[in-house]
Amino acid sequence: MERSEFLAKFGITMAAVCAGCSLAGCGSKSSDPNPGGVNIGGATPPPTTGSGNLFTVDLSSQLTSIGSSKTQSGVIIVRIADGNDPSSFTAVQVACTHQGTAINYNNGQQRFICPAHGSEFSKSGAVLVGPASTSLHQYTVSVDGTTLTVSA
Ligand code: FES
């Protein structure tokens, strides 16, 4: 007996077979785990230990206004106050500790926000809102005249 003859004999149609499939979840859609943002998870992270300068910034032409930021070498540095004192800046890793999406600084809320899943971090990189559960690494900032240096 052919398969089609068997199914016809017992009144089972292919539509009925397929309906059972879709009820079991064959047609379910997968959700996008990273609906927005730029994932830099594959990039080589900057060093988080030891010493050594990562890069410098010329404060006479960059980071001149509060809330302005610069991303370089896997680090985002933000001016958070007037003046050229190291405490006027914060520098943290740009890759979110959840899944590696590049974070942004929101000056109005004075915190870093990940566009992928909404994790939020304080100016020093501490987790304020998940799903991230690990703090961002914070880098050392020093200033000599108008030259700012970010180091590990
Ligand atoms: S990558 Fe998921 S919250 Fe940042």
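**View 1. Contacts and overall make-up of the predicted protein.** Of the contacts (heavy atoms within 4.5 Å) in the protein with a separation of 6 or more, 45% are accounted for by residues 24 or more positions apart. This is a predicted model, in which local features need pLDDT of at least 70 and side-chain atom pairs count only at pLDDT 80 or more, while totals for chains, interfaces and linings use all residues. Residues are numbered from 1 along each chain as its sequence is written, and side-chain values use heavy atoms, with hydrogens and water left out. Two helices and 10 strands make up the secondary structure; these are DSSP runs numbered from the N terminus, with helices being H or I of at least four residues and strands E of at least two. Along the sequence, the pattern reads α-α-β-β-β-β-β-β-β-β-β-β.

**View 2. Confidence along the chain.** The average pLDDT (the predictor's confidence in each residue, from 0 to 100) is 79, and 66% of the residues score at least 70. Over residues 3–37 the pLDDT is below 50, and this stretch has 19 contacts in the model beyond near neighbours in sequence.

**View 3. The largest nonpolar core.** A nonpolar core here is a set of buried Ala, Val, Leu, Ile, Met, Phe, Trp, Tyr and Cys residues joined through side-chain atoms within 4.5 Å; buried means under 20% relative accessible area, exposed over 50%, and partly exposed in between, using a 1.4 Å probe and protein chains only. The largest such core has 14 residues, and I103 and F112 are among those with the most contacts inside it. Leaving aside residues up to four places away in sequence, I103 touches partners including I76, V92, C96, F121 and L136. Apart from this core lies another, of 12 residues, including V75, F89, Y139 and V150.

View 4. Come and look at V127, which lies in strand 8 (residues 127–129). V127 is partly exposed, at 29% relative accessible area. Among the residues V127 touches, not counting those up to four places away in sequence, are E120, F121 and A132. The loop between strand 8 and strand 9 (140–144) holds P131, and the peptide bond from G130 to P131 is cis, with omega near 25°.

**View 5. Two residues with positive phi.** Most residues other than glycine have a negative phi. S73, not a glycine, has a positive phi of about 55° and sits in the loop between strand 2 (69–72) and strand 3 (75–79). Q110, also not a glycine, has a positive phi of about 50°; its loop runs between strand 5 (104–106) and strand 6 (111–113).
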